[in-house]
Amino acid sequence: MATKTFTASDISLASVTLEVADLEAARRFYSSFGVDTYIRLRASETHTTGFRGFTLALTVSRPATVDGFFGAAVEAGATVLKPAARSMWGYSGVVQAPDGTIWKIATSEKKDTGPATREIDAIVLLIGVEDVKATKELYVGQGMTVAKSFGGKYAEFAAGQSGALTLALYKRRALAKDLGVPVDGTGSHRVVLGSTGGAFTDLDGFAWEAAAPPAPAQP
């Protein structure tokens with residue numbers, strides 16, 4: 001069998017696996033929240049305290065949809081970190097899942113132009129790093145393509161063929177401030193990133209592994 005050679009356009013974030021202590025409880029939560037088809041779950045007792053250094057952000061079409069996802073998360077057991085509210089950038093709110101993962105639900109719109117839906121436009125895995133430029137260079141060296149870059153403050157990478165997941169880098173301290181949590185944290189990030197390339201660990205300890213291919217469709 002020939003070995004596939006990946007090019008810059010091939011390498012991307014293919015999956016996000018959350019490590020949780022209670023697998024069944026996490027499955028129930030994410031099903032109720034409405035994002036279970038976008039993430040993977042793995043049972044783990046790995047130690048972690050405080051801020052894990054990342055957030056998953058849902059981008060949706062309008063404030064009413066933000067409220068719908070926000071309410072579903074809270075009803076399923078999430079803790080409110082920032083109530084949904086308008087800002088100069090749009091409308092957003094932040095919750096923390098029972099397993100500890102922080103989720104931001106946002107839209108660039110400030111007014112509703114239609115009813116709420118359960119549609120997600122994009123999911124961004126935003127990881128907080130100490131040195132955005134250095135981490136960006138590491139990822140480019142792994143074969144990823146930069147889609148947006150703002151000096152040493154922010155970088156975003158091109159999505160894969162599915163387009164469901166996007167990876168972005170932000171300064172760790174700035175990310176914690178945006179989420180409304182203390183910046184301190186130790187131990188595992190409790191997240192594993194699936195790559196269409198190979199396995200590696202980045203400068204801030206975020207682990208990447210080769211993403212498992214999707215299951216074949218049933219006839």
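Predicted model: local features only at pLDDT ≥ 70, side-chain atom pairs only at ≥ 80, totals over all residues.

**Aromatic cluster**

I started with the rings and found that Phe 29, Tyr 30, Phe 33, Phe 69 and Trp 103 form one aromatic cluster.

I then asked how many aromatic pairs a search of the whole structure finds. The search returned 11. I looked at one of them, Tyr 30 with Trp 103, which is tilted, with 5.7 Å centre to centre and 50 degrees between the planes. Tyr 30 belongs to helix α1 (residues 23-33) and Trp 103 to strand β7 (residues 102-107), so this pair ties together parts that are 73 residues apart in sequence. I checked burial too: Tyr 30 and Trp 103 are both buried.

Back at Phe 69, I saw that the charged end of Arg 118 sits over its ring, 4.2 Å from the centre.

**Glu 19 and its sheet**

Next I turned to Glu 19, in strand β1 (residues 13-20). Glu 19 is buried yet has no salt bridge. Which side chain of opposite charge is nearest? I found Arg 42, 4.2 Å away, while the cut-off for a salt bridge is 4 Å. Leaving aside neighbours within four places in sequence, the contacts of Glu 19 include Arg 42, Ser 44, Ser 188 and Arg 190.

Last, I traced the sheet. It is open, has five strands in the order β2-β1-β13-β15-β14, and its pairing is mixed. The edge strands are β2 (40-43) and β14 (200-201). I noted that β1 and β2 run parallel, joined by four bridges; Thr 17 has Arg 40 in β2 as its bridge partner.

Conventions:
Residues numbered from 1 in each chain as written. Heavy atoms only, no water. Phe/Tyr/Trp six-rings, centres within 6.5 Å; stacked < 30°, edge-to-face > 60°. Helix = DSSP H or I, 4+ residues; strand = E, 2+ residues; numbered from the N terminus. Buried < 20%, exposed > 50% of the residue type's maximum accessible area, 1.4 Å probe, protein only. Lys NZ or Arg CZ within 6 Å of the ring centre and 35° of its normal. Lys, Arg positive; Asp, Glu negative; His and termini not counted. Contact = heavy atoms within 4.5 Å. Pairing = 2+ DSSP bridges.
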